[in-house]
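Biologist: Please take one part of this model and look at it closely: the pairing of charged side chains, together with the helix and the loop that bear on it. I would like one connected account, with the cut-offs stated as you go.

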Amino acid sequence: MARSDEKLVYPKRKLRMQQDWLRMPVGGINRDDAEAYAAWLDQSGRLPGAHLCTEQEWERAARGADSRDFPHGDNLEPDDANIDETYGKDPSLLGPDEVGAHPLSGSPFGVQDLAGNVNEWVRSTVDASEPIMRSGAFMIGGLAALIVNRQIVAPAFRDSGGGTRICSPPPR
């Protein structure tokens, strides 16, 4: 079996025990890593115009045109997103899930995992040098996944629950 065919296995889980690691969000990156990845996507031509989402872009993708609390509505049930309640707050069960594993939490635009899974580095709309993360993550509770939640963290912060979302202009 090729390494790409191997599954990540959470042996104690009853739900989503096997995960395709190629479909996982990238975690464990700091802000410089996220910026470098976006720049590489843009400069390599793989995704022209790629950049870290601004807070405005991220929030519009998450909220749509109304004032909902979470990407899919105003309530977040434990299995709607990958948060600590999803797996009973048991540390041995917590970890990232494949992108889209919680389809009920899709945004009005069909964007997945804007609540839970990994926190996402975004560009601050207040101060470009301010390191901001949005979204909530698999090891924290649902309140952190509120769309309005924004966390100012050290730019060198690196954690398994920290990743990014890349934005780009629409193709021409």
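Modeller: A salt bridge is counted here when a side-chain nitrogen of Lys or Arg lies within 4 Å of a carboxyl oxygen of Asp or Glu, and by this rule the count comes to 12 salt bridges. The model is a predicted one, in which local features need pLDDT of at least 70 and side-chain atom pairs count only at pLDDT 80 or more, while totals for chains, interfaces and linings use all residues. Residues are numbered from 1 along each chain as its sequence is written, and side-chain values use heavy atoms, with hydrogens and water left out.

Helices (DSSP runs of H or I, at least four residues) and strands (E, at least two) are numbered from the N terminus. One of the salt bridges pairs Glu 35 with Arg 123, with 3.1 Å from N to O. This pair links distant parts of the chain, since Glu 35 belongs to helix H1 and Arg 123 to strand S4, 88 residues apart. Both partners are partly exposed, a class that runs between buried (under 20% relative accessible area) and exposed (over 50%), computed with a 1.4 Å probe on protein chains only: Glu 35 has a relative accessible area of 25%, and Arg 123 has 34%.

Arg 23 and Glu 98 form another salt bridge, their closest N and O atoms being 3.4 Å apart. It joins the loop between strand S2 (18-19) and H1, where Arg 23 lies, to the loop between H2 and S4, where Glu 98 lies, across 75 residues. Arg 23 is partly exposed at 44%, whereas Glu 98 counts as buried at 19%. Beyond such pairs, a network of salt bridges links Glu 55, Glu 59, Arg 63, Glu 130, Arg 134 and Arg 150. Of its members, Glu 55 and Arg 63 are among the buried residues of H2, and the buried residues of H2 pack against S4 and S5.

Returning to H1, its buried residues are Arg 31, Ala 34, Ala 38 and Leu 41. They cover an arc of only 95° around the axis (taken from the directions from the helix axis to the C-beta atoms), which puts them on the same side of H1. The opposite face carries the exposed residues Asp 32 and Gln 43.

Asp 80, in the loop between helix H2 (55-63) and S4, stands apart from this pattern: it is buried yet has no salt bridge, and the nearest side chain of opposite charge, Arg 16, is 8.5 Å away. For that charge count, Lys and Arg are positive and Asp and Glu negative, while His and the chain ends are not counted. The side chain of Asp 80 does make a polar contact of 3.1 Å with that of His 72. A polar contact is a pair of N or O atoms within 3.5 Å; within protein, one must be able to donate a hydrogen and the other to accept it, and residues adjacent in sequence count only if both atoms are side-chain atoms.

Notes:
Contact means heavy atoms within 4.5 Å.
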